[in-house]
Amino acid sequence: MSGQTLDVELPLEYVYRPPAEAVGDDTLVVVLHGRGADETDLLPVTDHLPPAHVLSLRAPARLMGGYTWYELDMPDGDLHRSQPHAGDFRRSLDHAAETTATASEALDVDTVGLLGFSQGSITSTALLVESPASYDWVVGLHGYLAASHAESEADLDDTPVFLGAGRADQVIPESRVAAAADRLREMGAAVTYEAYDTGHGIAQEELADVVAFVETQ
């Protein structure tokens with residue numbers, strides 16, 4: 001799971017892997033892991049993607065053996081109504097946006113995509129809503145659109161977005177991902193939404209669909 005170091009200062013820890021072939025030297029895929037994981041967690045997913053620069057970020061706050069992008073605000077302790085803690089979320093969005101912008105400039109890429117799982121998906125879709133011109137496509141797996149950003153009137157201008165959900169997901173129910181797909185469509189994104197017979201994890205069929213989606217971008 002080793003990687004290289006970029007010759008720039010970045011706010012977040014990361015793993016960087018250059019493209020295996022020169023054909024991928026104009027695209028940067030920024031990867032955001034889920035709660036309690038780390039920057040190596042989704043690298044096996046990126047191994048299946050077309051050649052590209054891969055920058056997998058580590059969330060800023062420790063959580064047991066891993067890291068988290070934010071703590072949860074849970075009304076009445078209900079996980080299925082959870083939302084990101086506002087202060088934590090703001091910190092992570094700012095760090096992720098700055099990290100991505102600095103890395104993409106240093107690498108001189110033309111295309112920037114975000115790939116996130118769970119909290120990483122929630123962070124990725126929020127980043128797109130806040131700065132639509134900064135990202136060319138987004139893959140968000142098993143994550144909802146934060147309420148703070150669902151109220152936005154952003155114009156996503158046909159930005160391709162792939163959202164995947166698990167029909168048996170007990171952490172982030174399918175209905176929350178479907179609602180995110182609906183709202184992003186209302187904002188003008190070109191959303192592909194798929195649900196799979198899986199829990200809170202990436203199914204093989206889901207991975208194949210993600211690869212196909214990224215190949216078209």
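In the predicted model, Pro-11 is in contact with His-95, Glu-98 and Thr-99 when its neighbours within four places in sequence are left aside. Pro-11 itself belongs to the segment that comes before strand β1, which covers residues 14-17. The C-alpha atom of Pro-11 is separated by 9.7 Å from that of Thr-100, a residue 89 places away along the chain. With a relative accessible area of 31%, Pro-11 is classed as partly exposed, because this value falls between the 20% under which a residue counts as buried and the 50% over which a residue counts as exposed.

The packing of two helices was examined next. Two packed helices are described by the angle between their axes and by the distance between those axes. Helix α2, which comprises residues 86-107, packs against helix α3, residues 119-130, at an angle of about 70°, and the two axes lie 10 Å apart. The arrangement of α2 relative to α3 is therefore roughly perpendicular, since angles from 65 to 115 degrees are counted in that class. On the side of α2, the contact is made by Phe-89, Arg-90, Leu-93, Ala-96 and Ala-97, and on the side of α3 by Ile-122, Thr-123, Ala-126, Leu-127 and Glu-130.

At the surface, Met-74, Leu-79 and Val-171 form a nonpolar patch, and together these three residues present about 200 Å² of accessible area. Met-74 has a relative accessible area of 38% and is accordingly described as partly exposed.

Backbone geometry was considered last. Most residues other than glycine have a negative phi. Met-64, although not a glycine, has a positive phi of about 55°, and this residue is placed in the loop between β4 (61-63) and β5 (66-68). Its relative accessible area of 80% makes Met-64 an exposed residue. A positive phi, near 50°, is also found at Asp-157, a residue that is likewise not a glycine. Asp-157 lies in the loop that connects α4 (147-150) and β10 (160-166), and with 59% relative accessibility Asp-157 counts as exposed, because the value is over the 50% cut-off.

Key:
Residues numbered from 1 in each chain as written. Predicted model: local features only at pLDDT ≥ 70, side-chain atom pairs only at ≥ 80, totals over all residues. Heavy atoms only, no water. Helix = DSSP H or I, 4+ residues; strand = E, 2+ residues; numbered from the N terminus. Buried < 20%, exposed > 50% of the residue type's maximum accessible area, 1.4 Å probe, protein only. Contact = heavy atoms within 4.5 Å. Patch = residues over 30% accessible without salt bridge, like charges linked within 9 Å, V, L, I, M, F, W, Y side chains within 5 Å. Areas by Shrake-Rupley, 256 points an atom, 1.4 Å probe, with all protein chains shown as cover. Salt bridge = Lys/Arg side-chain N within 4 Å of Asp/Glu carboxyl O. Axes fitted to C-alpha atoms, helices over the stretch in contact; angles between N-to-C directions. Parallel < 35°, antiparallel > 145°, perpendicular 65-115°, else oblique.
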